[in-house]
Amino acid sequence: MSDLHEDLRDDVRMLGESLGRTISTDLGPEFLARVEHIRRLAKAGRSAERPEHQQLLAAIGELHEDEVLPIARAFTQFLNLANIAEEHHRVRRRLDNAAQDAPDALSTLFESLQSQGFSAETLVSTLAGLDIDLVLTAHPTEVNRRTLIQKYDAITDCLKRLDRGEPMQTRVDELVSQIWHTDEIRKQRPTPEDEAKWGFAVIENSLWSALPRFLRGLDKQLQETLGQRLPLDCCPVHFSSWMGGDRDGNPNVTAEVTRKVLLLSRWMATDLYLRDVDELRAELSMYRANAALRHRVNGAAEPYRVLLGELKTQLEANRDAIEAQLQGGLRCDLPLQRVEQLLEPLHLCHGSLIECGMTTIAAGKLEDLIRRVACFGLTLVRLDIRQNADRHQAVFDELTGCYGLGRYGDWSEADRQAFLLRELGSRRPLLPRNWTPSAEAQEVLDTCRVVAETDPAALGSYVISMASQPSDVLAVILLLREQGIGHNLRVVPLFETLDDLDNASDCIGQLLAIDWYRNYAAGRQEVMIGYSDSSKDAGQLAAVWGQFRAQQALTELCARHHVKLTLFHGRGGTVGRGGGPSHKAILAQPPGSVAGSLRVTEQGEMIRFKFGVPELAIRNLELYTGAVLQATLAPMPAPETEWRELMDRLAADGLHAYRGIVREDPQFVPYFRAATPEQELAKLPLGSRPAKRRADGGVESLRAIPWIFAWTQIRLMLPAWLGSDAALGAAIAAGELPALRRMYQHWSFFRTYIDMLEMVLAKSDIHITAYYEQRLVSPELTTLGSSLRGCLQETVEQVRQIKMIDQLLEQNPVIRQSIDVRNPYIDPLHFLQAELLHRDRTQPDQRLEQALMVTMAGISAGMRNTG
């Protein structure tokens, strides 16, 4: 077997040399020598026990203003190329394991579950009944432009072909040169429609291919391990989207945008199916057919082609009708309105092929297409709608004012519920004819009208941000009813703050106690758990424990009411927003909380990292499926009472320490704004949504993504650990270290938390942070900075004690090496960024603003995440 790590080094070296040749051709060998000199100084500065960067700083200080941007671009693009090589290496390792017949993770899981007493039939029926919904969101954490992502994907393809011995160096050089001569930073923010098209492109370029391969592999593993087959029309994983539906704090997502995105999604699905049907028609030239197919096509000579030709005509008519609506035409009925209409001719062909002895042909592209339909339906994704509870309340404030009933927002919760239930039971319209709502209220009503007019199969859930009371849910149902919705759409409260998480079970309990609502819910309840805002509100430690407690309480509540609970996890890409390995997070959930169904957000750049390459997409689909199956049938045991009590104390201590600094220290906000590029981030056109919920708001109104982005840029990583330092320190001082070690060894929830904390601490760098402070922060604020760095170092020591290790990530050398390799390329970007921030704040210069944005993108690429 070849040395796989040597292969990775070779790829990185080859791509780096290609970039060097491009830079030399464009800017001359002397400039390339300067880039290389800075890289060597950065590497040398990292070789000592304590990083020493004086020579590197001197070299950066000598740069002419015209050199700053190309230097930043050089290091940024090298980091992007290194990421490509690393992602390809993950694929290579997977293929190498498959070539050696290494045990497959799912097959191993099937055998393990069988050994625990689960029959083959139970395993297959549970697997077939899984409902895993991966929700693609447009959170603005994807720094790279779509045009560059396409070029990066082309380089990935070149690396694959190089592994097969094909001569691809010339093509690699072309692509690297194209990347170098393309502006990294968008000139304008993407529109919500652009974001939706980006999500569709991930499906078209990767998941469309990966999904049937994943299901084919799952079927094969079931056959080999259990002697069972996966039903052909079964797909344990589906995809939803917030792109074009999430309007919380984003005025750019209007009812018209949502209507258009719904049409675009259906158009994309239709176009992809047309391509597949064309390929099938070319292949299914056979003449033998069973009686049912021959009868259907009136005995035609090529029965499969005739039937598929009819299907193609229907798909083309669908596409033409959708295009007409996109261009402003009237709504009309589509020839193909139900997924059964698409599946019926495919199943007829499939049954005929098998009956006529052509099983091998049936198992090819035809089964792949049937499996795609099972996953993607007629709409590709199901669109969620999200809006803040305040926007719904504002509509009722205007309505009740119009009726002379006072202000709805001033009413008690009991009065609100009584009013809403009375109106839900009334046959008369709620909205008065002579009422002229404000533009904001009209937009909410228009959105509800679009939802009401949409095919239910195209919709996921209506998510209510900052929900806290049963009336928040009832209000949305009433607005949807008033706009004519004909089915019971899932209306999902999103509990985001720590107080709301603690209150979640009580809120849902009150809802389920209402007869009218219980009939509406029909035995099912979905609840969304907010990770990002709860972490920003309470600190990571208190937040994760609050999330665990809320999920456990909701699970027990719904079990008592005999209601099927689906938990929707609003996880981000970073640890501070609930990120980390998804399969570990699923297995760390409270026992009974998964129970066959799971919704989870996949956000920003994590969509590309996890699903942008088919082989990696297959791996992540397997991980999700295996983890949900295991958590359903064999969940981890409940934590011991002693551990829960200790976690209660840790969370309380962590909350007190976190809020004591973030909310109560008068120096904190000025320090945050001075030391980090928080205010300058608004210039980076990442997504369609503004960085703040309110333009005049402070840190409390800042979204969780830029909050974490800013701290990541200066390597303090504060949102992931602040509060944990005080809590763990107090527990260790009180003699609880043995208990913490037992919790780490035997409780997956606590182990996952500590492992994620370790990973983010390994990416932190107090010396880099100290330089930002030295360059940007006024002297009276430096005491706080010094204290925060001290707290970070204490957290590192606490994690080492709990894990009984000498150095962070010593048990995970792959990630450790990845960080170490990147540091010499990220360090120059940090020092450049600090200098550019200083200049931008003292003597703004538009020429240097571009360089500042490039450093942000480069550091994000090097850290492998943004927000």
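This short talk describes a few local features of one protein model.

Good morning. The model is a predicted one: local features need pLDDT of at least 70, side-chain atom pairs count only at pLDDT 80 or more, and totals for chains, interfaces and linings use all residues. Residues are numbered from 1 along each chain as its sequence is written, and side-chain values use heavy atoms, with hydrogens and water left out.

I begin with helix α8. Helices (H or I, at least four residues) and strands (E, at least two) are DSSP runs, numbered from the N terminus. Helix α8 has 12 residues and spans 16 Å from its first C-alpha to its last, close to the expected 16 Å, which is 1.5 Å times one less than the number of residues. Which residues of α8 are buried? They are V172, L175, V176, I179 and W180; buried means under 20% relative accessible area, exposed over 50%, and partly exposed in between (1.4 Å probe, protein chains only). Seen down the axis of α8, these buried residues fall within an arc of 140 degrees, so they line one face of the helix. The arc is that of the directions from the helix axis to the C-beta atoms.

Next comes D183, in the loop between α8 and α9. D183 counts as partly exposed because its relative accessibility is 24%. Apart from neighbours within four places in sequence, D183 is in contact (heavy atoms within 4.5 Å) with R145, L148 and Q850. The side chains of D183 and Q850 are joined by a polar contact of 2.7 Å. A polar contact is a pair of N or O atoms within 3.5 Å; within protein, one must be able to donate a hydrogen and the other to accept it, and residues adjacent in sequence count only if both atoms are side-chain atoms.

I turn now to strand β2, residues 237-241. Why is β2 described as largely enclosed by the rest of the structure? The reason is that 5 of its 5 residues are buried. V237, F239 and S241 lie on one side, and H238 and S240 on the other. In a regular strand the side chains alternate between the two faces of the sheet. Strand β1 runs parallel to β2, joined by 5 bridges, and D133 stands opposite H238. Strand β3 also pairs with β2 in the parallel sense, over 2 bridges; two strands pair if DSSP finds at least two bridges between them.

Finally, L809, which is not a glycine, has a positive phi near 65 degrees. Most residues other than glycine have a negative phi. L809 lies in the loop between α34 and α35, and counts as buried because its relative accessibility is 3%.
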